[in-house]
Amino acid sequence: MRWWDIDPVLELERGLFPDDAWSRGMFWSELAHARGAEANRRYLVAEEDGRIIGYAGLAAAGDVGDVQTIAVARSHQGTGLGGRLLTELLKAATAFECAEVMLECRVDNIAAQKLYERFGFVPIGFRRGYYQPGNVDALVMRLTTASDSGPAADSPPVQGTEING
């Protein structure tokens, strides 16, 4: 993801998460930490025919990675794109030498939970009222990584989709 991707990403973000969409400033702040010698973030976009259809981000602190966001356009949900984005984030976690990767997921987002479980994430707790408005709980999940391999490293590419970082 680059600065020029922020406006189309915001459009997708607002369509998918109208009640708690990230702001332009939040994306700018994350991207500011994604370049240079001290980079500790990795943000990606997935494009099809020049249009952004998905994006994802990971933050690393010490030996812990945190999936900040994964979003896939409704028209492309169920195509494997979310798994491909997650695979790229896990590769970034390996590059950042993360021993574990954490994430939060809405308790009512069963499809996302199943995706994360396929990659080896396990539930470890809850954050009560994490998602606002609506006071929806978050399921906290963790993946313990291995330095010599990554879950779904052999994940096949999604045809016609290009992922750019």
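Biologist: Is Phe 27 buried or exposed?
Modeller: Phe 27 has a relative accessible area of 0%, and the scale calls a residue buried under 20%, exposed over 50% and partly exposed in between, using a 1.4 Å probe and protein chains only. This is a predicted model, in which local features need pLDDT of at least 70 and side-chain atom pairs pLDDT 80 or more, while totals for chains, interfaces and linings use all residues. Residues are numbered from 1 along each chain as its sequence is written, and side-chain values use heavy atoms, without hydrogens and water. With its 0%, Phe 27 is therefore buried.

Biologist: How are the rings of Trp 3 and Trp 4 arranged?
Modeller: The whole structure holds five aromatic pairs, meaning rings of Phe, Tyr and Trp (its six-membered ring) with centres within 6.5 Å, stacked if the planes are under 30 degrees apart, edge-to-face if over 60 and tilted otherwise. The centres of Trp 3 and Trp 4 are 5.5 Å apart and their planes stand at 80 degrees, so this pair is edge-to-face.

Biologist: What describes the pair of Trp 22 and Phe 27?
Modeller: The ring centres of Trp 22 and Phe 27 lie 4.9 Å apart, with 45 degrees between the planes. The pair of Trp 22 and Phe 27 is accordingly described as tilted.
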